Amino acid sequence: MKGLVVRNTGSWYDVRTDDGQLFACKVKGNFRLRGIRSTNPVAVGDVVEIKSTDSPYNSGKSGKSDMSSSVVSSSTVPIASASGLLPTALITEIHDRRNYIIRRASNLSKQSHIIAANVDLACLVATIAHPETNTTFIDRFLASAEAYRVPVALVFNKVDLYDEDQKRYLEAVVALYRLLGYACFVVSAQTGEGMDALREALRGQTTLFSGNSGVGKSTLLNRLVPEARAKTAELSAAHDQGQHTTTFSEMYDLQGGGCIIDTPGIRGFGTFDFEPEEVSHYFREIFQIGRECRFGNCTHTHEPGCAVIKALDNHEIAESRYQSYLSMLEDKDERKYREKY
């Protein structure tokens, strides 16, 4: 049977078949023998083939499963779905992906983590304060989206909390990314400001929501899909940082068509499997201006006749973007991933 992965709990995957039936699935063991350098060989959004094991999960105690808890501590049982007890199956094949978003796995520099697959749009939810999403994180996400052919938009949340100086800074950041051709939305998930435009942009699309912990992804999701009832939490008062409230990835249907893949918050975004000579290709302005460099293999760091360095000196390239580019040139050095990005 063919189906769509709609939930990933780490050990189990909820798969919705073409006829609308849900199965709690495990990955067939040989997936882990194919050299897939990933902590999660299957991701939400994947189209897969499954084989039923004809054995609905049962707690083994009374013939009924306790569905009151959304978290099951043992990795040997599936997390209960909102639809109730699910029949189980094995995932036997993953169909070719048309795209995906990937990052370097936390504390595992030689492995990757696929955030979601087969998406029409990736929305990076960001905040310029409470907490601050730094531009290096934004640029790394944008570069990865460019590399894997995923259209991307920036959603700047919590505009209701910003003072006048922060609003002016936000305007400058939005102006920079819009000039580069990226769609930007300025919203408040709390008050609803800007949400109509965002909702219209998501209509009919499979959209990934990603971003740092604490930027308000869960509150945004609840605005867009009220029945999701995603858990939210206050920021840490001591560090102005978010707490992890989403613990696994899940797909939610949007009214009017389309869906949102909500994912856990991430603290850093290490790029994966980029060669240094490729990095400039994923920065739109650097790639375009770099065509005018004297040398075809210019790294844009020290070479004579470098058009990128000249443009930087003339303020035609933002300093923040160039610094992000330099940081990504160092990503092949695995020692770097003892630190967060």
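Trainee: What makes the pair of Arg16 and Asp253 a salt bridge?

Mentor: The closest N and O atoms of Arg16 and Asp253 are 3.6 Å apart, and a salt bridge is a side-chain nitrogen of Lys or Arg within 4 Å of a carboxyl oxygen of Asp or Glu, so the pair qualifies. It links distant parts of the chain, since Arg16 is in strand S2 (residues 13-17) and Asp253 in strand S12 (residues 249-253), 237 residues apart; helices (H or I, at least four residues) and strands (E, at least two) are DSSP runs, numbered from the N terminus. This is a predicted model, in which local features need pLDDT of at least 70 and side-chain atom pairs count only at pLDDT 80 or more, while totals for chains, interfaces and linings use all residues. Residues are numbered from 1 along each chain as its sequence is written, and side-chain values use heavy atoms, with hydrogens and water left out.

Trainee: Why is Arg16 called partly exposed?

Mentor: Its relative accessible area is 28%, and buried means under 20%, exposed over 50% and partly exposed in between (1.4 Å probe, protein chains only), so Arg16 falls in the middle class. By the same rule Asp253, at 43%, also counts as partly exposed.

Trainee: How do you know that Arg321 and Asp139 meet in a salt bridge?

Mentor: Their N to O distance is 2.9 Å, so it lies within the cut-off for a salt bridge. Arg321 lies in helix H7 (residues 319-329) and Asp139 in helix H1, so this pair ties together parts that are 182 residues apart in sequence. Both Arg321 and Asp139 are buried.

Trainee: What makes Arg203 and Glu200 a salt bridge, and are these two buried or partly exposed?

Mentor: Their closest N and O atoms are 3.0 Å apart, so the pair meets the definition. Arg203 has a relative accessibility of 39% and counts as partly exposed, as does Glu200 at 47%. A search of the whole structure finds eleven salt bridges.

Trainee: Why are H3 and H4 called roughly perpendicular?

Mentor: The axes of helix H3 (residues 195-202) and helix H4 (residues 217-224) come within 11 Å and cross at roughly 75°. Angles under 35 degrees count as roughly parallel, over 145 as roughly antiparallel, 65 to 115 as roughly perpendicular and the rest as oblique, and H3 and H4 are therefore roughly perpendicular. Their contact (heavy atoms within 4.5 Å) is made by Met195, Leu198, Arg199 and Leu202 of H3 and by Leu220, Arg223 and Leu224 of H4.

Trainee: Which residues touch the most other members of the largest nonpolar core?

Mentor: Phe156, Tyr177 and Leu208 do so, among the 69 residues of that core, a nonpolar core being a set of buried Ala, Val, Leu, Ile, Met, Phe, Trp, Tyr and Cys residues joined through side-chain atoms within 4.5 Å. Helix H1 (residues 135-147) gives the most to this core, with seven residues. A second, separate core has 21 residues, including Val215, Leu220, Val225 and Ala228.

Trainee: What places Leu85 among the partly exposed residues, and where is it?

Mentor: Leu85 has a relative accessible area of 41%, so it is partly exposed, and its place is in the loop between strand S4 (47-52) and strand S5 (88-94). Leu85 and Phe23 are 62 residues apart in sequence and 9.2 Å apart in space, C-alpha to C-alpha.

Technical notes. Axes fitted to C-alpha atoms, helices over the stretch in contact; angles between N-to-C directions.
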